[in-house]
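This report covers selected features of one protein model. Please keep the sequence and the coordinates at hand while reading.

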Amino acid sequence: MSASTWFKIRLDIGPVLLSFLIAPMLSVAALGQNQSPIFPMAQFTPPVGVVVSSLATGDFNGDGQPDLAYISVPGSAQPISGPVSTLTVLLNQGANTPPVPVTTNSLNGCPLTSGLYSLVSADMNKDNKLDLVLTCPAGYVAVLLGNGDGSFQSPAYYAVSGPQILAPPVDLNGDGYLDVAVSTLIGNSSGVAVLLNQGSTAPGTLSTATSYPGPTGLIPHRWASATSMGMESRTSL
């Protein structure tokens, strides 16, 4: 076979090989355009006249679908006046049906005096029903034990000075029950407050907060875990 003949064969094969390479890519791209999103999206519109301060998700009624819990305050009220906040749970009814608000708990002991709320869901008393833990800007951490149907018992309040952001509850002392850790800010002093679950003697009931100092001059911003706290400088945007 001459060199010119070989060169001609290679020129003929080149486009064929290129088509084999491009065709699978085009198929994958088309498939990606036709597929539904991996994470279904749903729009949540808060009620008129209220401001949503914090959200938490979880299966609050045990039907296998994620539900939504949120804290709201009257939108027309000024924070300094301390409007009463409420906790509302929206039960998921599937992709084609709007969620149903099943309960609204009044948080009379948790007015919005300043700052923001922090809300997390966890099974605090090991009854296989999700509970809610939240911070009260007035100086408390509150626990609402779940009834398993989207409703909650009356909140139990625990004093914490300067509560900021809750960590996802974890078992900090190895007794099998989830404990609570929350970042704190008092003046320019940041820290961490830990409230241990009383465990088998009183499941879901928290002990008096124990405070630990944090870095000076930094604002608690968000948690990476229950034992590490992200910080934001006062000069950060």
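The model is predicted, so to speak of basis: local features need pLDDT of at least 70, side-chain atom pairs count only at pLDDT 80 or more, and totals for chains, interfaces and linings use all residues. Residues are numbered from 1 along each chain as its sequence is written, and side-chain values use heavy atoms, with hydrogens and water left out.

**Disulfide**

A search of the whole structure finds 1 disulfide, a term for a pair of cysteine sulfur atoms within 2.5 Å. Its partners are Cys110 and Cys136, with sulfur atoms 2.1 Å apart. The link of Cys110 and Cys136 is left-handed, at -120 degrees about the S-S bond. Cys110 lies in the loop between strand S4 (100–107) and strand S5 (119–122), and Cys136 in strand S6 (residues 131–136), so the bond ties together parts that are 26 residues apart in sequence. Strands here are DSSP runs (E, at least two residues), numbered from the N terminus. Both Cys110 and Cys136 are buried; buried means under 20% relative accessible area, exposed over 50%, and partly exposed in between (1.4 Å probe, protein chains only).

**Sheet**

An open sheet of 4 strands runs in the order S5-S6-S7-S8, with antiparallel pairing. S5 and strand S8 (156–159) stand at the edges with a single partner strand each, so one side of each has no neighbour in the sheet. From one strand to the next the twist averages 20 degrees, taken between axes that are lines fitted to C-alpha atoms, with angles from 0 to 180 degrees between N-to-C directions. S6 and strand S7 (residues 140–144) pair in the antiparallel sense over 5 bridges; two strands pair if DSSP finds at least two bridges between them. Cys136 of the disulfide stands opposite Tyr140 in S7.

**Nonpolar cores**

A nonpolar core is a set of buried Ala, Val, Leu, Ile, Met, Phe, Trp, Tyr and Cys residues joined through side-chain atoms within 4.5 Å. The largest has 18 residues, and those with the most contacts inside it are Ala69, Leu87, Leu119, Leu132 and Leu134. Strand S2 (67–74), strand S3 (85–91), S6 and S7 each supply at least two residues of this core. Apart from it lies another core, of 15 residues, among them Ala122, Val143, Val160 and Leu195.

**Aromatic pairs**

The structure holds 2 aromatic pairs. Rings of Phe, Tyr and Trp (its six-membered ring) pair if their centres lie within 6.5 Å; planes under 30 degrees apart count as stacked, over 60 as edge-to-face and the rest as tilted.

| Pair | Centre distance | Plane angle | Class |
|---|---|---|---|
| Phe60 and Phe152 | 5.7 Å | 70 degrees | edge-to-face |
| Tyr140 and Tyr157 | 6.0 Å | 70 degrees | edge-to-face |

Phe60, in the loop between strand S1 (50–58) and S2, and Phe152, in the loop between S7 and S8, are 92 residues apart. Both Phe60 and Phe152 are buried. Tyr140 lies in strand S7 and Tyr157 in strand S8, so their pair ties together parts that are 17 residues apart in sequence. Tyr140 is partly exposed, with a relative accessible area of 32%, and Tyr157 is partly exposed at 29%.

**Ala142**

Ala142 is in strand S7 and is buried, with a relative accessible area of 0%. Not counting residues up to four places away in sequence, Ala142 touches Leu132, Val133, Leu134, Cys136, Pro155, Ala156 and Tyr157, where contact means heavy atoms within 4.5 Å.
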